[in-house]
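Please look over the structure below before reading on. The briefing that follows takes it topic by topic.

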Amino acid sequence: AWVVLHRLASNEFLSFLLTREGLTAPVVSAVGAVHTAGEGAIGQMKLSSDGRRLALVTAGNWGVELFDFDAATGHVSNARSLNMDHTIEHPYGLEFSLSGERLYVSSTRGGGLWQLSEGAPPVQLAPGVSLGALQLAPDGRIYASVPDSGHLAAIAHADMQGMAANYQGRAVALNGQSGYGLPAALAEDYR
C-alpha cells in the first residue's frame with residue numbers, strides 16, 4: 001500500500017511505499033496546484049480503489065484536483081482541475097466510487113454533495129446540505145459525516161450516474177453527534 005502526502009506551500013506529493021520493513025524513501029512528484037497555509041491545507045485526499053487515480057480538495061481556494069497515480073512507482077501525474085468555475089463552494093470531503101469512475105465531493109456551509117465524472121457536467125445530488133468527510137465502505141456505499149447531527153448520510157449506489165446514485169440524508173442513526181471526520185480506510189481492500 002502507498003502512503004501519499006502533499007507538502008504545504010508546494011505542489012509536491014510524497015509517496016511512500018508501506019512494506020513489512022516499514023516505509024520506503026519517498027517518490028516525489030511536483031504536479032498540480034501549490035497548497036497554501038490555512039484553509040488551503042484543509043480537505044481530504046484519496047486514492048481510487050484500483051490505485052489508478054488520486055484526488056484532493058483544498059477548501060481555501062475551492063480546489064478539486066484529479067491526478068493519475070502509478071501504483072507500481074508511486075508517481076503522481078496529469079493534474080486536472082475539476083472545479084475551475086467554483087461551482088462547488090467550500091469543498092471538504094471526497095471519495096471515489098468503488099469502480100473509480102465517479103468522484104463525490106462534499107461541501108461545508110450548505111454547498112451540498114456533488115458527483116463528478118470526467119467528460120460530464122457536475123451533478124448536485126443534495127443541494128443545501130453541509131457535509132464533512134466521505135468514506136467508501138465495504139458494502140460499496142459512501143458514507144458522509146453530517147456535522148452537528150445525530151446521523152450519517154450515505155450514497156447507496158455510488159457507481160450509478162446522477163440521481164440514480166441515491167443520496168440518503170439520514171442513512172445511519174448515531175448514538176451521539178457527528179463531527180466533520182470519519183475513520184479512514186484503504187478502499188483497495190474492498191475490491
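His-90 has a relative accessibility of 17% and therefore counts as buried (under 20% relative accessible area; exposed means over 50%, partly exposed in between, with a 1.4 Å probe and protein chains only). The model is predicted, so local features need pLDDT of at least 70 and side-chain atom pairs count only at pLDDT 80 or more, while totals for chains, interfaces and linings use all residues. Residues are numbered from 1 along each chain as its sequence is written, and side-chain values use heavy atoms, with hydrogens and water left out.

- His-90 is placed in the loop between β8 and β9 (91–96); strands here are DSSP runs of E with at least two residues, numbered from the N terminus.
- The phi of His-90 is near 55°, a positive value in a residue other than glycine.
- Asn-166 also has a positive phi, near 65°, and is not a glycine.
- Asn-166 lies in the loop between β15 and β16 (167–173), and at 30% relative accessibility Asn-166 counts as partly exposed.

**A four-stranded sheet**

- Strands of a sheet pair through backbone hydrogen bonds, either parallel or antiparallel.
- An open sheet has four strands in the order β5-β6-β7-β8, with antiparallel pairing; two strands pair if DSSP finds at least two bridges between them.
- β5 (45–47) and β8 (76–81) are at the edges with a single partner strand each, so one side of each has no neighbour in the sheet.
- Neighbouring strands of this sheet are turned against each other by 20° on average, direction ignored, where axes are lines fitted to C-alpha atoms and angles run from 0 to 180 degrees between N-to-C directions.
- β5 and β6 (residues 53–58) run antiparallel and are joined by three bridges; Lys-46 stands opposite Ala-55 in β6.
- β7 (residues 63–69) pairs with β8 in the antiparallel sense over four bridges, and Glu-65 has Ser-81 in β8 as its bridge partner.
- β7 and β8 form a hairpin with six residues between them, and Gly-74 in the turn has a positive phi of about 85°.

**Gly-132 in its loop**

- Gly-132 lies in the loop between β12 (123–126) and β13 (134–136).
- Gly-132 is buried, with a relative accessible area of 0%.
- Leaving aside neighbours within four places in sequence, Gly-132 is in contact (heavy atoms within 4.5 Å) with residues including Tyr-92, Ser-106 and Tyr-180.
- The C-alpha atoms of Gly-132 and Leu-182 are separated by 8.3 Å, although these residues are 50 residues apart along the chain.

**Nonpolar cores**

- In soluble globular proteins, nonpolar side chains tend to be buried together.
- A nonpolar core is a set of buried Ala, Val, Leu, Ile, Met, Phe, Trp, Tyr and Cys residues joined through side-chain atoms within 4.5 Å.
- The largest nonpolar core has 14 residues, and Leu-113, Leu-131 and Ile-155 are among those that touch the most other members.
- β12, β13, β14 (142–145) and β15 (151–155) each give two or more residues to this core.
- A second, separate core of eleven residues includes Ala-55, Leu-66, Ile-88 and Leu-103.

**Aromatic pairs**

- The whole structure holds three aromatic pairs.
- Trp-2 and Phe-69 form an edge-to-face pair, 6.1 Å centre to centre with 80° between the planes.
- Rings of Phe, Tyr and Trp (its six-membered ring) pair if their centres lie within 6.5 Å; planes under 30 degrees apart count as stacked, over 60 as edge-to-face and the rest as tilted.
- Trp-2 in β1 (residues 2–6) and Phe-69 in β7 are 67 residues apart, and the pair links distant parts of the chain.
- Trp-2 and Phe-69 are both buried.
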